[in-house]
Amino acid sequence: MTALIDYCPPRWLRNPHLQSVLGSSALRRHRGQRLLAGSGAVTTEHILDGGDGVRLQGWHSALPDSPARGLALLLHGWEGSAESSYMRMTAARLLASGYEVMRLNFRDHGDTHHLNEDIFHSNRLDEVVHAAVDIARRFPVRPMVVAGYSLGGNFALRLALRAPQAGLTLQRVAAVCPVLDPATTMDRIERGPAMYDWYFTRKWRNSLLRKRALFPQRHDFDDSVLALDIRALTDWLVRRHTAYATLDEYFDGYSIAGDRLAGLQVPADILMSEDDPVIPFDSFRHWQLPPLARLSIVPWGGHCGFIENVAGDGFAERWVAERLVRAG
């Protein structure tokens, strides 16, 4: 169920913080833009049915006049978007392998704050499942596969777990550095280098400011709320915008630690780096995976970095494409 795989970056790229920072750098953003634009794919926007009136945005890309061998659904991380570098780079690789690609924006990610009145949180799995079913209906290209990064990896694995119940046929799932135990990840962000806390909190605050400006009648929180630290702000969100009574209950709601994936019926590949500064590798040591799941471990890579060279190419995007193509 576990395997060490051969990813060996140059020595100057073996620092986990450098890997993590470069993963979301301007260099990578431009690289992703160029690769996707150069693929020749036609990309169109779709507003997807998330159930109960929820609307989610997806970007569908396909090569014109070329029959597809399958459809890949890609899920981004927290405060990322469909336009994140790893999403575009993975899409470009899958398009070159003959797949159509749908890059989904979670609620309040990308430029989608206006689509729904209520705020995003990590237990909003139902709407992602509904959107995936809508995608399968609109684009009946088989097989359908799914991949996600960080929180998106967590969503991808939970989506695969729910797929049979939802009547959704998935052939394979791939997850890169998935959030395993959210409580542990919160501890790591708080206790680690300040840049991670600053990065996530800054982006989240900006997102909440946009939400307040769009729906002032629904979101009347003041600047003192936005000034809270990341744990206190999450606790505030949980108590006012979820059905959970406590922060611990909320974290437990989307945890995939322990044997939570025991019922998984979809073949799954998971990539994890031992030096991830956000998701501690120790939390994976006692993870109980079903026979259909395979955990691949590499010594380096940081959090969703896995940068291979000075151009910003990523091992993770290539790894995801290779694993998903197996379904075809």
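**View 1. Helix H4 (125–138) and helix H5 (151–166) each give at least two residues to the lining of the second largest pocket.** Helices here are DSSP runs of H or I with at least four residues, numbered from the N terminus. H4 supplies the largest share of this lining, four residues. This is a predicted model, where local features need pLDDT of at least 70, side-chain atom pairs count only at pLDDT 80 or more, and totals for chains, interfaces and linings use all residues. Residues are numbered from 1 along each chain as its sequence is written, and side-chain values use heavy atoms, leaving out hydrogens and water.

**View 2. The second largest pocket holds about 330 Å³ of space.** Its lining has 19 residues, and Asn 123, Arg 124, Leu 125, Asp 126 and Arg 162 are the closest to its centre. A pocket is an open set of points on a 1 Å grid over the protein atoms alone, where a 1.4 Å probe fits, with protein on both sides within 12 Å along at least five of seven lines; lining residues have an atom within 4 Å of a point. Volume is the space filled by probe spheres set on the points, which are joined across faces, edges and corners. By class, the lining has five nonpolar, six polar and eight charged residues. Ala, Val, Leu, Ile, Met, Phe, Trp, Tyr, Cys and Pro count as nonpolar, Asp, Glu, Lys and Arg as charged, and the others, Gly among them, as polar.

**View 3. Now for the largest pocket, with about 710 Å³ of space.** Look for Ser 24, Glu 79, Gly 80, Tyr 199 and Lys 203, the closest to its centre of the 32 lining residues. This lining has 11 nonpolar, 15 polar and six charged residues.

**View 4. Helices H1 (16–23), H3 (85–96) and H7 (194–214) each supply at least two residues of the largest pocket's lining.** The largest share, nine residues, comes from H7.
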